[in-house]
Protein chains: 2
Amino acid sequence: MTTKQIPNVDLTTQANVYFDGKCVSHGFTLADGTEKSVGVVLPSELTFNTAAAEIMECVAGACEYKLAGSDHWQTCSAGQSFNITANSSFDIKVAEAFHYICHYG
Amino acid sequence: MTTKQIPNVDLTTQANVYFDGKCVSHGFTLADGTEKSVGVVLPSELTFNTAAAEIMECVAGACEYKLAGSDHWQTCSAGQSFNITANSSFDIKVAEAFHYICHYG
């Protein structure tokens with residue numbers, strides 16, 4: 001099941017633009033103060049670094065990802081998610097678009 | 001004054017991707033049912049068509065825009081906005097990034 005909408009959030013209006021626009025996200029805050037973001041990765045091969053641990057939840061499209069220290073590419077598509085540990089990284093390949101919610105911690 | 005955050009909205013998780021990613025937005029709905037979006041236009045020269053009338057409110061960065069039927073390029077930067085009538089169009093030039101809220105109607 002995919003998360004189509006997230007109710008009752010405070011939305012940050014300025015986008016986060018990464019990798020010359022290959023990844024664009026908007027941050028938001030839940031009523032309990034939890035910070036998350038929604039974003040999209042466009043066709044590209046990128047490496048993301050994490051500070052905090054993250055859970056990437058795919059809401060539309062798909063990607064292939066490879067976690068730091070792994071040789072194994074895995075697929076993540078709508079309704080699936082993957083976890084990245086803090087102070088780590090992952091490689092991502094996107095053919096069309098990967099729409100996601102980024103959960104921290 | 002710029003609108004940094006919009007409280008208490010229902011956020012659509014899937015992005016709208018226009019012009020091969022030169023414009024990316026996320027839709028949201030206010031408590032009263034009003035639909036809007038937040039987005040960013042990256043460096044480009046584009047022509048947008050409107051169906052409903054729109055107000056483009058700049059929250060960060062800047063653009064130059066030219067409304068259909070005008071020969072006059074105007075600047076819109078953070079805290080400013082411009083109106084586009086329904087079933088019309090506007091040209092936009094962005095040098096760095098134009099972060100906006102799109103209000104309809």
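Over how many bridges do β6(B) and strand β9 (residues 89-94) of chain B pair, and in which sense?

1. **What you are looking at.** This is a predicted model, in which local features need pLDDT of at least 70, side-chain atom pairs count only at pLDDT 80 or more, and totals for chains, interfaces and linings use all residues. Residues are numbered from 1 along each chain as its sequence is written, chains are lettered from A and ligands numbered from 1 in the order in which they are written, and side-chain values use heavy atoms, without hydrogens and water.

2. **The opening question.** β6(B) and β9(B) pair in the antiparallel sense over four bridges, with Glu64(B) opposite Lys93(B). Strands are DSSP runs (E, at least two residues), numbered from the N terminus, and two of them pair if DSSP finds at least two bridges between them.

3. **Other partners of β6(B).** Strand β6 covers residues 54-67 of chain B and pairs with strand β8 (residues 81-84) in the antiparallel sense over four bridges; there, Ile55(B) has Asn83(B) as its bridge partner. Seven bridges join β6(B) to the antiparallel strand β10 (residues 98-104), where Ala60(B) is partnered by His99(B).

4. **A hairpin to look for.** Strand β7 (residues 74-77) of chain B also pairs with β6(B), antiparallel and over four bridges, and Tyr65(B) has Gln74(B) as its bridge partner. Six residues lie between these two strands, and Gly69(B) takes a positive phi near 85° in this hairpin.

5. **How the two chains are related.**

6. **The interface.** In contact (heavy atoms within 4.5 Å) are 28 residues of chain B with 28 residues of chain A. The buried area (accessible area, 1.4 Å probe, lost on putting the parts together, summed over both) is about 2300 Å², with 60% from carbon and sulfur atoms. Gln5(B), Leu11(B) and Thr13(B) supply 27% of the area that chain B buries against chain A, more than any other three residues.

7. Strand β1 (residues 5-12) of chain A and β1(B) pair in the antiparallel sense over five bridges. Look for Leu11(A), which stands opposite Ile6(B).

Notes:
Buried area = accessible area lost by both parts, 1.4 Å probe.
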